[in-house]
Amino acid sequence: MTETTPASASAAASYCAPEPAPRPELAAEGPFAACVLCQEPTEYPTSARGITLCPVCEWQEAQRTACSG
């Protein structure tokens, strides 16, 4: 029988929970960037760098990448 040490427990937890990517600031008012998957308006300004997703696609992407371990 093996004992779980705090170091190995945190390593196992970090395996399924990678650090979230930095998110741009939300836009207070338009123009808003288009979602790269469905082209719906996002909560981010058009000047936001990187992949911008609308709230629905962002949630679906989180569901797909979640650890089901």
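Two residues are taken to be in contact when heavy atoms of theirs lie within 4.5 Å. On that basis, residues 24 or more positions apart supply 7% of the contacts in the chain that have a separation of 6 or more.

Across the chain, pLDDT has a mean of 77, with 65% of the residues at 70 or more. Confidence is highest in strand β1 (residues 32-34), where the mean is 91. At the other end of the scale, helix α1 (residues 6-16) has the lowest confidence, with a mean of 56. Where pLDDT is low, predicted coordinates should not be read in detail.

The secondary structure is quickly told. Two helices and two strands make up the set of elements in the chain, and along the sequence they follow the order α-β-β-α. Of the 69 residues in the chain, 14% count as buried.

Turning to the side chains, one salt bridge is found in the structure. The partners are Arg-64 and Glu-61, whose closest N and O atoms are 2.8 Å apart. Both residues belong to helix α2 (residues 55-65), where a spacing of three residues, about one turn of the helix, separates Arg-64 from Glu-61. The two partners also fall into separate accessibility classes: Arg-64 counts as exposed because its relative accessibility is 53%, while Glu-61, with a relative accessible area of 32%, is partly exposed.

The cysteines deserve a paragraph of their own. A disulfide is a covalent bond joining the sulfur atoms of two cysteines. With a cut-off of 2.5 Å between the sulfur atoms, the count of disulfides is zero. For Cys-38, the closest cysteine sulfur is that of Cys-54, and the distance of 3.7 Å is too far for a bond. Cys-57 likewise takes part in no disulfide, its nearest cysteine sulfur, again in Cys-54, being 3.6 Å away. Cys-54 thus provides the nearest cysteine sulfur to Cys-38 and to Cys-57.

Methods. Residues are numbered from 1 along each chain as its sequence is written. This is a predicted model: local features need pLDDT of at least 70, side-chain atom pairs count only at pLDDT 80 or more; totals for chains, interfaces and linings use all residues. Side-chain values use heavy atoms; hydrogens and water are left out. Helices (H or I, at least four residues) and strands (E, at least two) are DSSP runs, numbered from the N terminus. Buried means under 20% relative accessible area, exposed over 50%, partly exposed in between (1.4 Å probe, protein chains only). pLDDT is the predictor's confidence in each residue, from 0 to 100. A salt bridge is a side-chain nitrogen of Lys or Arg within 4 Å of a carboxyl oxygen of Asp or Glu.
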